[in-house]
Amino acid sequence: MGKTLKRSAAFTALARALAAGARGGPSLGARLAALPRMIRATARGEYDGGLRLALMAGATAYIVSPIDLLPEIPLAIFGLADDAVMVTWLAGSVLAETERFLEWEARRRSVIPGHVVP
């Protein structure tokens, strides 16, 4: 699944994830605790989140980087807008991907390891 989240999907996922957490879904703490497990599972090739994790890492690097597509000083509020969009996209992506990962973990636990006997 090399499909990436689009901006509107990230905003929708953010709203849905925050609402789900209030209605008994995974809490924000559970989602953040799942991040290291998700990275390890992806690095081992067990989970298919490689492209999504790379996009999230790129967004994080863009946010913390002093080099900006729209600089804050000459463009004032417009210079902050690109960072705000990236932060919002990143938050929505992290929430959506950790929810997907937690569902994957739950399904994986229900599988009994073994071999198929013909």
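Modeller: In α2, the buried residues are R31, A34, M38, A41 and T42. Buried means under 20% relative accessible area, exposed means over 50%, and partly exposed lies in between (1.4 Å probe, protein chains only). This is a predicted model: local features need pLDDT of at least 70, side-chain atom pairs count only at pLDDT 80 or more, and totals for chains, interfaces and linings use all residues. Residues are numbered from 1 along each chain as its sequence is written, and side-chain values use heavy atoms, with hydrogens and water left out.

An α-helix has 3.6 residues a turn, so residues three or four places apart point the same way.

Now the helix itself. Helices here are DSSP runs (H or I, at least four residues), as are strands (E, at least two), and both are numbered from the N terminus. Helix α2 covers residues 28–43, which is 16 residues. At 1.5 Å a residue, they should span 22 Å; the end C-alpha atoms are 23 Å apart, so the two agree. The expected span is 1.5 Å times one less than the number of residues.

Yet α2 is bent. The bend is about 30° at L35, and a proline, P36, follows within four residues. That angle lies between axes fitted to the seven residues ending there and the seven starting there. Just after α2, G45 takes a positive phi of about 85°.

What touches this helix? Look at L102, in helix α5 (residues 77–109). Leaving aside neighbours within four places in sequence, L102 is in contact with P26, A30, R31, A34 and R37. Contact means heavy atoms within 4.5 Å. R31 and A34 are also among the buried residues of α2. L102 and R37 are 65 residues apart along the chain, but their C-alpha atoms are separated by 9.7 Å. L102 counts as buried because its relative accessibility is 18%.

Next, the core. A nonpolar core is a set of buried Ala, Val, Leu, Ile, Met, Phe, Trp, Tyr and Cys residues joined through side-chain atoms within 4.5 Å. The largest one here has 13 residues, and Y47, M56, L90 and F101 have the most contacts inside it. Helices α2, α3 and α5 each give it two or more residues. Helix α5 gives the most, with 6 residues. In soluble globular proteins, nonpolar side chains tend to be buried together.

Helix α3 comes next. Its buried residues are R52, L53, M56, A59 and Y62. I63 counts as partly exposed because its relative accessibility is 27%.

Y47 and F101 return in an aromatic cluster, together with W104. Rings of Phe, Tyr and Trp (its six-membered ring) pair if their centres lie within 6.5 Å; planes under 30 degrees apart count as stacked, over 60 as edge-to-face and the rest as tilted.

Last, step back. The chain has 5 helices and 0 strands. Buried residues make up 30% of its 118 residues. Among contacts between residues at least 6 apart in sequence, 73% join residues at least 24 apart.
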